[in-house]
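This report walks through a few local features of one protein model, in an order that lets each feature be found by eye. Please keep the sequence and the 3D view open while reading.

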Amino acid sequence: MRRLVSETSLRAQQLVLPAFVADGIDEPRAISSLPGVSQHTVDSLRREAAAAAEAGLGGIMLFGVPRDEDKDATGSCGAAADGILNRALTAVRDEVGDDLLVMADTCLDEFTDHGHCGVLGTDARGEQVIDNDATLAAYGELAVAQAAAGAHVVSPSGMMDGQIGRIREALDSAGHHDVALLAYSAKYSSAFYGPFREAVGSSLRGDRRTYQQDPANARESLREVRLDLEEGADMVMVKPALSYLDILRQTAEVSDVPVAAYQVSGEYAMISAAVERGWIDHDPAVMESLTSIRRAGADIVLTYWALHAARLLADGWRV
């Protein structure tokens with residue numbers, strides 16, 4: 001009876017696995033704040049992608065972790081053909097072909113020596129700020145490089161004004177008409193990103209409150225969603241997921257393209273820590289959290305539990 005009347009489904013093809021690939025390592029390296037998640041070598045990432053395709057996942061989202069000495073003020077190694085992320089994109093695409101959507105994080109923060117998502121400049125008062133227009137030019141180069149490396153989907157996550165329109169123009173001008181845009185449209189300045197910064201070896205100085213969304217605001221994020229839709233986003237995203245289910249619901253109501261939500265590192269870490277202490281049961285908590293994100297309106301869920309959840313579903317799991 002519960003199966004017959006269930007209002008919300010959770011399927012493997014709705015899940016996307018975020019994965020990290022690091023330069024200069026010989027074997028996968030565990031991420032202490034994300035139990036069970038590692039920084040991959042290119043070879044181990046190929047195996048992870050093959051497992052994701054076999055499990056029927058919808059996609060894999062790749063994040064690059066360059067060596068510190070390769071970072072600079074403009075994040076130039078992100079667009080380099082021999083940069084770690086672009087090498088990994090090519091390797092994964094060669095491994096899975098079109099059996100799994102290969103997605104790229106299209107942002108500068110992993111590649112800059114200051115850890116911000118954009119190119120730094122100064123304002124009229126001489127204070128350091130993000131140079132939005134210079135960043136858009138860099139994003140265009142980054143997206144084209146990722147498309148050339150094999151990405152099916154590029155995913156601008158920096159929350160710069162006009163980023164979707166500029167990247168679409170750059171991709172089309174380079175002949176990558178079929179590469180899709182997943183826009184991080186409602187990305188909040190959140191306390192739940194901490195473990196992710198360990199995962200990507202972030203060099204962040206300060207914070208990102210001037211360009212990520214205020215957790216107190218809802219209408220502002222919906223405006224950002226509408227702007228991205230007007231500029232040609234093929235999918236829009238809310239991030240984080242669990243603390244912003246209301247934003248996810250409102251986004252789903254106004255969007256005419258698929259809506260994604262990212263169950264971020266801090267959300268993963270909280271559940272994992274409670275499990276380690278014996279306070280909650282792992283699998284029921286994981287699957288309930290994913291179901292709640294789907295129930296709120298997500299068509300696509302990015303989660304570090306994507307492979308685990310897909311295997312549970314294949315074994316007949318029901319919340």
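C117 is a buried residue, because its relative accessible area is 0%, which falls under the 20% cut-off for buried residues. The model in which this is seen is a predicted one, and every value below was computed from it. C107 is likewise buried, with a relative accessible area of 0%.

What is the number of disulfides that the structure holds? The structure holds 0 disulfides. In general, a disulfide is a covalent bond between the sulfur atoms of two cysteines. For C107, the nearest cysteine sulfur is that of C117, at 3.5 Å, and this pair does not count as a disulfide because the sulfur atoms would have to lie within 2.5 Å.

**Aromatic rings**

A pair of aromatic rings is described by the distance of the centres and the angle of the planes. The whole structure contains 6 aromatic pairs, and two of them are set out in the table.

| Pair | Centre to centre | Angle between planes | Arrangement |
|---|---|---|---|
| F20 and F63 | 5.5 Å | 35° | tilted |
| Y268 and W305 | 4.3 Å | 35° | tilted |

F20 lies in strand β1 and F63 in strand β4, so this pair ties together parts that are 43 residues apart in sequence. Both F20 and F63 are buried. The other pair also links distant parts of the chain, with Y268 in helix α9 and W305 in the loop between β12 and α11, 37 residues apart. Y268 and W305 are both buried as well. Ring pairs link F20, F63, Y262, Y268, Y304 and W305 into a cluster.

**A buried arginine**

R168 is found in helix α5, which spans residues 163-173. Is R168 buried or exposed? R168 is buried, with a relative accessible area of 14%. The side chain of R168 reaches the backbone oxygen of V179 at 2.9 Å, and among the residues that R168 touches are H176, H177, L181 and D234.

**Two packed helices**

Helix α8 (residues 245-254) and helix α10 (residues 282-296) pack at an angle of about 35°, and their axes are 8 Å apart. On the side of α8, the residues L245, L248 and R249 take part, and they meet S292, I293, R295 and A296 in α10. By kind, the residues of this contact divide into 4 nonpolar, 1 polar and 2 charged.

How values were computed. Residues numbered from 1 in each chain as written. Predicted model: local features only at pLDDT ≥ 70, side-chain atom pairs only at ≥ 80, totals over all residues. Heavy atoms only, no water. Helix = DSSP H or I, 4+ residues; strand = E, 2+ residues; numbered from the N terminus. Buried < 20%, exposed > 50% of the residue type's maximum accessible area, 1.4 Å probe, protein only. Polar contact = N/O pair within 3.5 Å; in protein donor to acceptor, adjacent residues only side chain to side chain. Contact = heavy atoms within 4.5 Å. Axes fitted to C-alpha atoms, helices over the stretch in contact; angles between N-to-C directions. Nonpolar A, V, L, I, M, F, W, Y, C, P; charged D, E, K, R; others polar. Phe/Tyr/Trp six-rings, centres within 6.5 Å; stacked < 30°, edge-to-face > 60°. Lists of a residue's contacts leave out its neighbours within four places in sequence.
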